[in-house]
There are 2 protein chains.
Amino acid sequence: MLTLHDYLPSGNGYKVRLLLHQLGIPFRLVEHDILQGGTRDPDFLALNPNGRIPLLQLQDGSLLAESGAILCYLALDSALWPAERFERALTLQWLFFEQNSHEPAIAVARFSRMRPDGPHRADLPGLLERGHAALAVMERHLAGRSYFVAERYGIADIALYAYTHVAHEGGFDLAGYPNVRAWLERVAAQPGHVPITWKPN
Amino acid sequence: MLTLHDYLPSGNGYKVRLLLHQLGIPFRLVEHDILQGGTRDPDFLALNPNGRIPLLQLQDGSLLAESGAILCYLALDSALWPAERFERALTLQWLFFEQNSHEPAIAVARFSRMRPDGPHRADLPGLLERGHAALAVMERHLAGRSYFVAERYGIADIALYAYTHVAHEGGFDLAGYPNVRAWLERVAAQPGHVPITWKPN
């Protein structure tokens, strides 16, 4: 069975839990409290030297880090990963956009507000500006589109949904992004959708 | 013929130019000076609403952004993209690590020093701390390894080489990272290697 090292409030971890649930893949969850340094202790760093969740452990012990890489690995051969070469490239484009332009602003702003004593409070104005720029890119792309790639729900949607649907917890008002809000509703209506803190029984 | 929208000092753009050269794929280069706002004008934003280079344009006009996605798209069917499923996943893991943990610190520190009047000067201490953390992850992974994945040169090495080999321009001293320095030399010795500001004739 797969083992997922995770922290339930994490959007990066949620991407993987949501995908596993929608693919019907059973897994064992090992929770680490990142607010208490749970991914910075020597035992965890031996598994992932970058000290981050999610971290996927295969039956044979192999370890895979980075939510985007885990999504691609698990979705292969499923309907959530396109069959066509350029559509696959566009899926990766949005996964990298999320990790480079979106998550570093929106997830960090949210994390900062979860930890009022944390290190990023002074960065909040800049994080909000960068996060809104990322939301504006999404809003523009979703004009006339139902999903991010090829008009089908897939892992690009899962990756972008994770922190967008909780962006308000980072101080982002989505009122000015009607296309994004309609897309959030479409994603939440997918079969097998679960909330961010869902975990297997 | 492929068209690459790029800015020669960019490490993200360099990844793509280096790969295209090593794969022997001809392309037309269109340069945009990002320091002069060349990717924020309406003409460029119509091509990439995120306002970033590199941007690849196919013969049929299709557009692909994000260096990591472009590397995967171009390297498919080449020796620089592994054939085995888990090795592919590990390649993606390092590409996402680069875009989420490495580039946002090391490239931004370098960019900040290229633009003394720029917005990131006050962030430099934090960028240096995060960049050194990323370099330490690389140093640990390269202990006993020649390349990042499967002991073969590939696009994970290209992606991580781009900003690591110019990290000193961002104020990073690589003296404490002997494994990283030896790997940089191995990458630079690969057939078809070209320097960061290389462009086709």
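## A two-chain predicted model, piece by piece

In chain A, strand S1, helix H1 (residues 11-23) and strand S2 make up a right-handed β-α-β unit. Right-handed here means that, with the strands pointing away from the viewer, the path from the first strand over the helix to the second runs clockwise. Helices (H or I, at least four residues) and strands (E, at least two) are DSSP runs, numbered from the N terminus.

Before going on, some housekeeping: this is a predicted model, where local features need pLDDT of at least 70, side-chain atom pairs count only at pLDDT 80 or more, and totals for chains, interfaces and linings use all residues. Residues are numbered from 1 along each chain as its sequence is written, while chains are lettered from A and ligands numbered from 1 in the order in which they are written.

| Partner of S1(A), residues 2-6 | Sense and bridges | One facing pair |
|---|---|---|
| S3(A), residues 55-57 | antiparallel, three bridges | A:Leu4 and A:Leu56 |

Now hop over to chain B. Helix H6 (residues 155-164) has 10 of its 10 residues buried, so the rest of the structure largely encloses it. Buried means that 20 or more other C-beta atoms, placed from the backbone, lie within 10 Å of the residue's own. Among these buried residues are B:Ile155, B:Asp157, B:Tyr161 and B:Thr164. The cover over H6(B) includes helices H1 (11-23), H3 (67-75), H4 (85-114), H5 (124-141) and H7 (178-188) of chain B.

As for the interface, 26 residues of chain B are in contact with 26 residues of chain A (contact means C-beta atoms, placed from the backbone, within 7 Å). On chain B's side, S4 (63-65), H3, H4 and H5 each give two or more residues, and H4(B) gives the most, with 12 residues. That side has 15 nonpolar, eight polar and three charged residues. Ala, Val, Leu, Ile, Met, Phe, Trp, Tyr, Cys and Pro count as nonpolar, Asp, Glu, Lys and Arg as charged, and the others, Gly among them, as polar. The copies meet through the same surface, because 100% of chain B's interface residues are also interface residues in chain A.

Terms used:
Pairing = 2+ DSSP bridges. Buried ≥ 20, exposed ≤ 12 C-beta atoms within 10 Å, placed from the backbone. Contact = placed C-beta atoms within 7 Å.
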